[in-house]
Amino acid sequence: MDFYGYPRLDGQVGARNMVALIPTVGCVNAVALHIERLIRGTRAFTHHQGCLHPPQDTEQVTRTLINLGKNPNVAAALVLGLGCEMVKLEEVVEGIRESKKPVEAVTVHELGGMLETINKGAQIAADLVLEASRIKREKFGLDKLCFCTKCGSSDTTSGLSSNLVVGEVCRLMTDNGGTFIQGEVCDIMGGEYALKDLCVDPSQGDKIIGFVKDLYERGVAVGADVRGSQMTAGNVAGGLTTLIEKALGANAKGQRVPIQSALLYGERPRCPGRHIMATPGHGFENLTGGAAGGAQLILFTTGRGAPNGHPVIPTIKICGNKKTNITMKSHIDIDVSSVIEETESVAQAGERLYELAVEVASGRLTKAEILNYDGQMEILIKGPVM
């Protein structure tokens, strides 16, 4: 099996071919959105960070913006700045430029306001789209694929079907030389030592334990025990009973595949195989972390029906709940309730999902893309907003 993607000069292969509009700060989101509406082929990566953070968060936001620009689905980038923010526009531009793709920039203060910046930015974006449209899909091996995963609006069927099916895809794609990114530190809480045992390098296992400890201590600092607040009301209504039950179900998304490294939020893996990233469970920040990690698409399991996608990467919704596959049919890309019904094995459902994911990487649209339910994203910060 092969897939057809857009070749990039740095050796990556894109599943999509967009021109990214990347604000360095939320103050210029409106400018990016106006340009997106004017110029076909652009996507605005709007967020609400970029200023008045502690230094560690400014570094994390900068790293994430650079790596979003480097994502293989991005053919070229236009970086938009206000002119007084903490994230440095020049640093973002130079960081993306390392991937050898075209990068331009506009600054609202320099150009004298929104209208002038939209005018200049739209002209630049139109030229970048014209250039990107000349790139054609070519055939590549599956070792060029990188998927990330997440579960949302989980219920008992998630750990009994859809997460197991994603785990089978993790095994198949890493066997084929691909890359798989798993995160959601809150969801692995209670099962972190099981993941540590799968680490090729013990020091990476210690980092995973550190991710969970950091989340717990940040909760304590604001007077909360995150162990008691991690299970959402929706999870409980869906039949999940304990934190460990949820963690074991979440860990199943990587099966027993060895773990190569533990990644910071928005960090890119340095080798193929399975990796654990310090992403939160909240979808908008979570999906952004995987996209910055270089994933071309996300395998998103859901029990009760989480509909949102992401502007950078196509989102495949996988559901093992027979009822949800009927009531939320317009949002679910693949029904794996057959695993619970015992009409299909986990291995067979995994093969079916893997084939669908390769089709999506080759250009097939997901439900979230068709519905335009993929415009929102956010970047994780840990410290206070000053």
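This is a predicted model: local features need pLDDT of at least 70, side-chain atom pairs count only at pLDDT 80 or more; totals for chains, interfaces and linings use all residues.
1. D225 comes out partly exposed because its relative accessible area is 35% (partly exposed runs between buried, under 20%, and exposed, over 50%, with a 1.4 Å probe and protein chains only).

2. Numbering starts from 1 along each chain as its sequence is written, and side-chain values use heavy atoms, leaving out hydrogens and water.

3. The structure has 18 salt bridges. Take E369 with R16, at 2.9 Å from N to O: E369 sits in helix 17 and R16 in the loop between strand 2 and strand 3, so the pair ties together parts 353 residues apart in sequence (helices are DSSP runs of H or I, at least four residues; strands are E, at least two). Both E369 and R16 are buried.

4. D214 also pairs with R218, with the closest N and O atoms 3.1 Å apart. They are four residues apart in helix 9, so about one helical turn separates them.

5. On packing, T64, N67 and L68 of helix 2 meet T288, A291 and A292 of helix 13 (contact is heavy atoms within 4.5 Å). By class, that contact has three nonpolar, three polar and no charged residues (Ala, Val, Leu, Ile, Met, Phe, Trp, Tyr, Cys and Pro are nonpolar; Asp, Glu, Lys and Arg charged; the others, Gly among them, polar).

Definitions and conventions. A salt bridge is a side-chain nitrogen of Lys or Arg within 4 Å of a carboxyl oxygen of Asp or Glu.
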